[in-house]
Amino acid sequence: MLTTTQIKNLKRHAAQMRTQYDAESMAALTMQIYQRGIDEWQPIVAAPAGENGDYRIISGHRRRMARLFAFALADWAEENE
């Protein structure tokens with residue numbers, strides 16, 4: 001079953017072991033998402049996490065972070081046109 005939710009409802013999974021990210025690869029992913037959005041063939045996979053509408057990310061922690069950076073980049077670009 002496919003469900004769409006707001007990015008603010010996606011929470012980091014406690015078992016996520018990655019704590020450091022390569023800055024260059026994050027920048028490249030952020031630019032890709034800024035320009036094209038998140039590709040449908042590689043969505044963020046999450047599972048319900050309680051009654052409040054939150055979801056715990058199973059796969060896609062980097063994509064979520066890059067999406068947040070892309071939102072910030074879009075805001076910056078709009079303010080600096």
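This is a predicted model: local features need pLDDT of at least 70, side-chain atom pairs count only at pLDDT 80 or more; totals for chains, interfaces and linings use all residues.
Residues are numbered from 1 along each chain as its sequence is written, and side-chain values use heavy atoms, with hydrogens and water left out.

**Overall fold**

The protein chain holds two helices and three strands, in the order β-α-β-β-α from the N terminus. Helices (H or I, at least four residues) and strands (E, at least two) are DSSP runs, numbered from the N terminus. Along its principal axes, the C-alpha trace spans about 40 × 25 × 25 Å.

| Element | Residues |
|---|---|
| helix α1 | 23-36 |
| helix α2 | 61-79 |
| strand β1 | 10-11 |
| strand β2 | 45-48 |
| strand β3 | 55-59 |

**Helix contact**

The axes of α1 and α2 come within 8 Å and cross at roughly 65°; axes are lines fitted to C-alpha atoms, for helices over the stretch in contact, and angles run from 0 to 180 degrees between N-to-C directions. The crossing is right-handed, that is, the near helix is turned clockwise from the far one by less than a right angle. In contact (heavy atoms within 4.5 Å), α1 contributes residues including Met 26, Leu 29, Ile 33 and Tyr 34, and α2 residues including Met 65, Phe 69 and Leu 73. The residues of this contact divide into twelve nonpolar, two polar and three charged. Ala, Val, Leu, Ile, Met, Phe, Trp, Tyr, Cys and Pro count as nonpolar, Asp, Glu, Lys and Arg as charged, and the others, Gly among them, as polar.

**Sheet**

The three strands form an open sheet of order β1-β3-β2 with mixed pairing, where two strands pair if DSSP finds at least two bridges between them. β1 and β2 are the edge strands, each pairing on one side only. β1 pairs with β3 in the parallel sense over two bridges, and Lys 11 has Arg 56 in β3 as its bridge partner. Helix α2 packs on the sheet, touching β1 and β3, and its direction makes about 115° with that of β3.

**Largest pocket**

A pocket is an open set of points on a 1 Å grid over the protein atoms alone, where a 1.4 Å probe fits, with protein on both sides within 12 Å along at least five of seven lines; lining residues have an atom within 4 Å of a point. The largest pocket has a volume of about 600 Å³, the space filled by probe spheres set on the points, which are joined across faces, edges and corners. Of its 17 lining residues, Thr 3, Thr 4, Thr 5, Pro 43 and Ile 44 lie nearest its centre. Strand β2 gives the largest share of the lining, three residues. By class, the lining has eleven nonpolar, three polar and three charged residues.
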